[in-house]
Every structure is written in structure tokens, then in C-alpha cells.
Amino acid sequence: MLMTGRRAATSTGAALIAIFCGALASPAPAHADDTPSPCGALKRIVAAAPNFSSLNAIDGRPLALSWGDGVQCAASQTSYRCTWTPHGGSGADALQGVAADIASCLPDATHDQNSPARQHFYMGERGARTEITAAQAGSNKLKLEIYGSR
């Protein structure tokens with residue numbers, strides 16, 4: 001059946017509105033630059049110190065996603081730990097990248113150990129410190145551990 005005149009215009013307009021509304025309702029496509037920032041995650045974890053039990057496994061994922069895959073994180077009463085496999089297998093490069101993220105996100109942190117296998121930072125005075133360690137964990141894994149004392 002061929003529609004003409006006012007009825008055809010109304011039908012076409014309704015179809016266009018439906019298509020337009022559907023396009024607005026659909027989620028935006030993900031882009032590479034949509035990856036969560038490691039700084040927000042790192043600051044949230046450090047702020048939880050010395051009791052990390054309020055955190056969950058996904059809180060630390062943005063810290064490692066830039067540098068690896070297979071991220072597994074866990075919170076305990078006294079620490080927050082993540083392990084992952086570095087992209088491309090280069091643990092040394094990923095470890096340096098994580099250390100650079102920590103230094104840029106936490107400018108008040110003191111970087112007191114810088115070696116190819118271990119990076120260590122701390123914040124606060126003795127007895128009330130939050131410590132951050134990024135290190136190699138075996139031949140093809142990295143770990144990040146944040147722990148506090150008060």
C-alpha cells in the first residue's frame with residue numbers, strides 16, 4: 001500500500017523519531033581513552049589506609065590495566081594487593097610505568113627504592129605510614145601492595 005500526503009509524512013516522521021530516540025538511548029561506544037585513570041584508584045586505596053576492608057577487588061583494577069592483563073586484586077584488614085601479567089611480557093617496563101604513575105598521582109609520596117625488580121614508596125611519618133610496593137612476582141607477574149600502619 002502506497003501512502004501519500006499527510007499520512008506518509010506522519011509515518012515517516014514517526015519512524016525518524018523512533019530511530020533518533022533509539023540512537024540516543026544506546027550506550028556510547030568505548031574508546032581506548034575511556035580506560036579509568038590509575039590516579040583515582042590509587043588515591044582511593046591510599047585514603048582507605050590503614051584498614052582496607054572497605055575496598056573491593058575492582059577498586060585497584062585501573063592501577064594495573066594500563067600495564068597488564070589478568071588483573072586480580074584483593075583487600076584485607078591491613079593491605080590491598082593486585083597481581084597481573086604485564087603487556088608484552090616486559091615486567092621491567094611495566095614496573096617502571098607503575099612507579100611513574102605512583103609518583104605522579106601521589107606527589108607527597110617518598111620514593112625510597114628504585115630497582116629493576118622493586119619500587120617502594122611511603123607516605124607519612126614512622127608509626128603512621130602508608131607504604132606502596134610494586135615488584136616482580138615470579139617470572140611473568142607483577143604485584144602492587146599497599147599497606148598501612150597507625
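A search of the whole structure, which is a predicted model, finds two disulfides. With the bonded cysteines counted along the chain, these disulfides follow the pattern 1-4, 2-3.

One of the two bonds is formed by Cys 39 and Cys 105, whose sulfur atoms are 1.9 Å apart. Cys 39 belongs to helix 2 (residues 38–48) and Cys 105 to helix 4, so this pair ties together parts that are 66 residues apart in sequence. The torsion about the S-S bond of Cys 39 and Cys 105 is about -75 degrees, and the disulfide is therefore left-handed. Cys 105, at 4% relative accessibility, counts as buried.

The other bond joins Cys 73 to Cys 82, with an S to S distance of 2.0 Å. Here the torsion about the S-S bond is about 110 degrees, so the disulfide of Cys 73 and Cys 82 is right-handed. Cys 73 counts as buried at 12% relative accessibility, and Cys 82 is also buried, with a relative accessible area of 1%.

The elements that carry these residues can now be placed in the overall fold. The protein has four helices and six strands, and along the sequence they follow the pattern α-α-α-β-β-α-β-β-β-β. Of the 150 residues of the protein, 33% count as buried. The accessible surface comes to about 8800 Å², and 56% of that surface belongs to carbon and sulfur atoms. Among contacts between residues at least 6 apart in sequence, 40% join residues at least 24 apart.

Charged side chains provide a further set of links. Side chains of opposite charge can pair when their charged atoms come close. In this model the count comes to two salt bridges. Arg 44 forms a salt bridge with Asp 59, and the closest N and O atoms of the pair are 3.4 Å apart. Arg 44 lies in helix 2, whereas Asp 59 lies in the loop between helix 2 and helix 3 (61–65), so the pair ties together parts that are 15 residues apart in sequence. Helix 2 thus holds Arg 44 as well as Cys 39.

Glu 145 lies in strand 6 (residues 142–148) and Arg 81 in strand 2 (residues 79–86), so the pair ties together parts that are 64 residues apart in sequence. Glu 145 is buried, with a relative accessible area of 19%; this value is under the 20% limit that defines the class. Arg 81 is partly exposed, with a relative accessible area of 36%.

Attention now turns to two glutamines. Gln 119 lies in strand 4 (residues 118–123). At 0% relative accessibility, Gln 119 counts as buried. The side chain of Gln 119 reaches the backbone oxygen of Ser 115 at a distance of 3.1 Å. Leaving aside neighbours within four places in sequence, the residues in contact with Gln 119 are Leu 95, Gln 96, Ala 99, His 111, Gln 113, Asn 114, Ile 132, Thr 133 and Ala 134.

Gln 96, one of these contacts of Gln 119, has its place in helix 4 (residues 91–105). In contrast to the buried Gln 119, Gln 96 is partly exposed, with a relative accessible area of 36%. Not counting residues up to four places away in sequence, Gln 96 touches Asn 114, Ser 115 and Gln 119. Asn 114 is therefore in contact with Gln 119 and with Gln 96 under the 4.5 Å limit for heavy atoms. Ser 115, whose backbone oxygen is reached by the side chain of Gln 119, is likewise touched by Gln 96. The C-alpha atoms of Gln 96 and Pro 116 are separated by 7.9 Å, with the two residues 20 apart along the chain.

Definitions and conventions:
Residues are numbered from 1 along each chain as its sequence is written. This is a predicted model: local features need pLDDT of at least 70, side-chain atom pairs count only at pLDDT 80 or more; totals for chains, interfaces and linings use all residues. Side-chain values use heavy atoms; hydrogens and water are left out. Buried means under 20% relative accessible area, exposed over 50%, partly exposed in between (1.4 Å probe, protein chains only). A polar contact is a pair of N or O atoms within 3.5 Å; within protein, one must be able to donate a hydrogen and the other to accept it, and residues adjacent in sequence count only if both atoms are side-chain atoms. A disulfide is a pair of cysteine sulfur atoms within 2.5 Å. Accessible areas come from the Shrake-Rupley method with a 1.4 Å probe; for residues, only the protein chains shown count as cover. A salt bridge is a side-chain nitrogen of Lys or Arg within 4 Å of a carboxyl oxygen of Asp or Glu.
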